Amino acid sequence: MKYISTRGQSTPKSFSQALMAGLAEDGGLLLPQSYPHIQAHTLHDWRSLSYPELALQIISLFATDIPKTDLKVIIDKTYTKEIFGTDEITPVRTLHDGIKIEGLSNGPTLAFKDMAMQLLGNLFEYVLAREDRFLNIIGATSGDTGSAAEYALRGKERVNVFMLSPYGKMSEFQRAQMFSLQEANIFNIAVRGMFDDCQDIVKALQNDHAFKQQYHLSTVNSINWGRIVAQIVYYFKGYFAATNSNEQKVSFCVPSGNFGNVLAGHIARSMGLPIHRLLVATNENDVLNEFFSSGYYRPRDAVHTFVTSSPSMDISKASNFERFIYDVVDQHADEVQELWQQVAAGKGFDLSLLLNKIHHQFGFASGKSVHADRLQTIAQVYAEDGELIDPHTADGVKVAREHRDIGEVVICLETAKAAKFEETIRDAVGTNVYIPRPDHLNHLEDLPQRVTVLDKDVQLVKQYLLSQLDK
Ligand SMILES: *Cc1c(COP(=O)(O)O)cnc(C)c1O
């Protein structure tokens, strides 16, 4: 299987090349020339597979330049009970009101990004060894992505991680999670500034081509194809867990920001998984809800992006959206290129004429949840089910409840654990409710922390990198 660009101007790549490349040379996103179609008898055979067995079947369709025996070793050491808490890996439960929840946040950092990042860490290690290469991952994070990347790459050979975060802006838990890592290949840099300042520094370093090449800089952001592939698996797993036969259909409700998670659902559906609808749930930053209701895509800048109590969805330019639009315009790369020229010019675009197709052929619908909804949903689920859901999952449950049709089975994806967002949970249910945490995280905040604090200055960050890399 070869990977091409949504904008049609890059040379076809292997899976391993797509994994390492990030963006395509033409500025587009990489995706396979076509999605494999799963026959009914194959879907039938897959129903009884364990998570790692299913992952091997699905991922080997895409990672065709890695021998299946090697892929099996990589997958078997990734999706384990030790790392994800249960043999099911993504257990499905049912709330009192019938909404199903698929647990994707039982990994090391308590957010769904572990599902893909843990695999990516092992894939990187494998490909780098095979090609005798080294990599310095540089990234900016406001919380979940950075910690998921660090936990996936800690102690790995041939790779360092330099993660920039805004000084004093993350929750105490998130800081402790990242800064307590003691592995020599993990470097935390707290920048005196905002998340956008961190991102600007990363971009500037990426654009310093001589530096980038000499020091093998790379990223693991949400557009990485390897992350999308890993996420396809749990749509199949969730479907099998929620049904008894492949005659049945289910819908998924997905708390969304960069459109990476729900894109994997779109691909699973395109492969033939019997998904009825994909419900995109947004918070106050509702660019995607606006698109799926009106057909207008109007990304906003940082100034017009709200800081909310579901912070991992505070995104107003959905970086993976281009892969979906490529399908909407029937894989016409020239059209995608034109649309994203309009985005780059700050105008956005209008696909209202295709809205019917987006709803009916692709099964998309959407909804929005705001702070008050979030608190109310957390409190309601706590009252009815005696369990605490996190603010992002609460956005999903709110939208699922509002949009569910009679008889429709809706699986809401649980994207984080409540323990990660204690402050909002306390606002919802009061201060004397016990918020459960996995045992190994009980004294997280007491561990010694390693972090270097720098002013928001590209040269300072570059000097710091050099001082570590030239040792
Ligand atoms: C990243 C994240 C999301 C959004 O996922 P996208 O793939 O960016 O749409 C939602 N919830 C949590 C907890 C996250 O960490």
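This is a predicted model: local features need pLDDT of at least 70, side-chain atom pairs count only at pLDDT 80 or more; totals for chains, interfaces and linings use all residues.
## Helix H3

Let's start with H3, which covers residues 51-62, twelve residues in total. From first C-alpha to last, H3 reaches 17 Å, close to the 16 Å expected at 1.5 Å a residue.

How much of H3 is buried? Nine of its twelve residues are, so the rest of the structure largely encloses the helix.

## The six-stranded sheet

Next up is an open sheet of six strands with mixed pairing, ordered S3-S4-S14-S9-S10-S13. Its edges are S3 (92-94) and S13 (364-368), each of which pairs on one side only. On average, neighbouring strands here are turned by 25 degrees against each other, ignoring direction.

Arg93 sits opposite Ile101 of S4. Over at S13, helix H13 (residues 287-294) lies across both S10 (275-282) and S13, at about 135 degrees to S13.

## Val328

Val328 belongs to helix H14, residues 321-328. Its relative accessibility is 1%, and with buried meaning under 20%, Val328 counts as buried.

Which residues does Val328 touch, leaving aside neighbours within four places in sequence? The contacts are Leu351, Leu354, Lys357, Ile358 and Phe362. As for Leu19, it is 309 residues away from Val328 in sequence and 24 Å away in space, C-alpha to C-alpha.

Note on methods
Residues are numbered from 1 along each chain as its sequence is written. Side-chain values use heavy atoms; hydrogens and water are left out. Helices (H or I, at least four residues) and strands (E, at least two) are DSSP runs, numbered from the N terminus. The expected span of a helix is 1.5 Å times one less than its number of residues. Buried means under 20% relative accessible area, exposed over 50%, partly exposed in between (1.4 Å probe, protein chains only). Two strands pair if DSSP finds at least two bridges between them. Axes are lines fitted to C-alpha atoms, for helices over the stretch in contact, and angles run from 0 to 180 degrees between N-to-C directions. Contact means heavy atoms within 4.5 Å.
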